[in-house]
Amino acid sequence: MTLEGNGKAPTYAESLGGAVFQIGVFVWVWLAKTSAGECAWHPSTATCLGDPWTRQVIITLVVTTLVWLVSLRTIPRMGKSDTSIVDQLWNLVPWVYAWHWYFSVASPRLLLMASVSTIWGARLTWNFFIKGGFSGGEDHRWKEIHKWPVFNTFLGWEIFNLVLVCFYQQLLILGFASPAAAVMGSAEPLNALDAVAAVLFLLLILGEAVADRQMYVYQTEKYRRIRANEPAGEYARGFIETGLWAYSRHPNYFCEVTMWWAYYLFSVAAGLPLINWTLPGPLFLTLLFVAPHASIELTEMLSSRKYKDYPEYQKRVSCLIPLPPHAKR
């Protein structure tokens, strides 16, 4: 993508292939490295429903299938499935998973993990609500993707909705929540690394909350002035570049990605190796934001198309990691 936002859309094969590959990695790791493999090779009530992690995998697959079926309800009216239902689940399910595992195998560490993830979920749900996220409107990025070649065909979009929007995203959420499952049964007491992970997670929630609040206040005032036909003043450029947004063009994304690496540290604190079976979760979440043609690049393309001064902001301010800005030219 160029700074001007004249990005080239990824091919259908690139998008779908990336999702299929990552789904394959999740399936391989979970079958080879977790109790889910025992259920797959020797299915029984004990191996499949008696084990909390495997039970959650099965529940997730069933719920995802139901979500996909519900998303099809808009085809007669809109000519395509509804992607908004998946967005509405994003901030609700990770903490539900954590509490499921806590009530299955209670421990102080799991209580801590369930608590901090609940704080994250409550904060993100409130932010989603005040922005009208539960009204059923479709994210503007899905609307943009629907214009791309093959994505704009009925079959192309419905396969994309099934594979990437529904199954890939729900497996990804289960993946970055999986450190809570990995600590079940650990004999390691709470330790300094748990404290580091919890403090980092909470600080990043705070950072994300500040960034989202700054954006909400800016956009609210900008559109109030437009509706009132008042001079735009400091809002004339159309996009926020103050507060945390003066150091990163996406401070909320930075906090969101980084906090799940902090969550991963809980698995290490519980005695698992530094590189363990839960690693694909935060890794693939990071790629969802920073990989070519992924969320950040798409957002950048739309912003630079909408705001004529955005390329100057791109040159001056770091994309993701908060850094001191370059001087205005």
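Mentor: A residue is called buried when its relative accessible area is under 20%, exposed when over 50%, and partly exposed in between, with a 1.4 Å probe and protein chains only. This is a predicted model, in which local features need pLDDT of at least 70 and side-chain atom pairs count only at pLDDT 80 or more, while totals for chains, interfaces and linings use all residues. Residues are numbered from 1 along each chain as its sequence is written, and side-chain values use heavy atoms, leaving out hydrogens and water.

Trainee: Why is Cys166 called buried?

Mentor: Cys166 has a relative accessible area of 1%, and the limit for buried is under 20%; therefore Cys166 is buried. Cys39 and Cys48 are both buried as well.

Trainee: What makes Cys39 and Cys48 a disulfide?

Mentor: A disulfide is a pair of cysteine sulfur atoms within 2.5 Å. The sulfur atoms of Cys39 and Cys48 are 2.0 Å apart, so the pair meets the definition. A search of the whole structure finds 1 disulfide.

Trainee: Why is the disulfide of Cys39 and Cys48 given its handedness?

Mentor: The torsion about its S-S bond is about 100°, so the disulfide is right-handed.

Trainee: How do you know that Cys319 is in no disulfide?

Mentor: The nearest cysteine sulfur to that of Cys319 belongs to Cys255 and is 14 Å away, whereas a disulfide requires sulfur atoms within the cut-off already stated.

Trainee: Why is Cys319 called partly exposed?

Mentor: Its relative accessible area is 27%, which falls between the limits for buried and exposed, so Cys319 is partly exposed.
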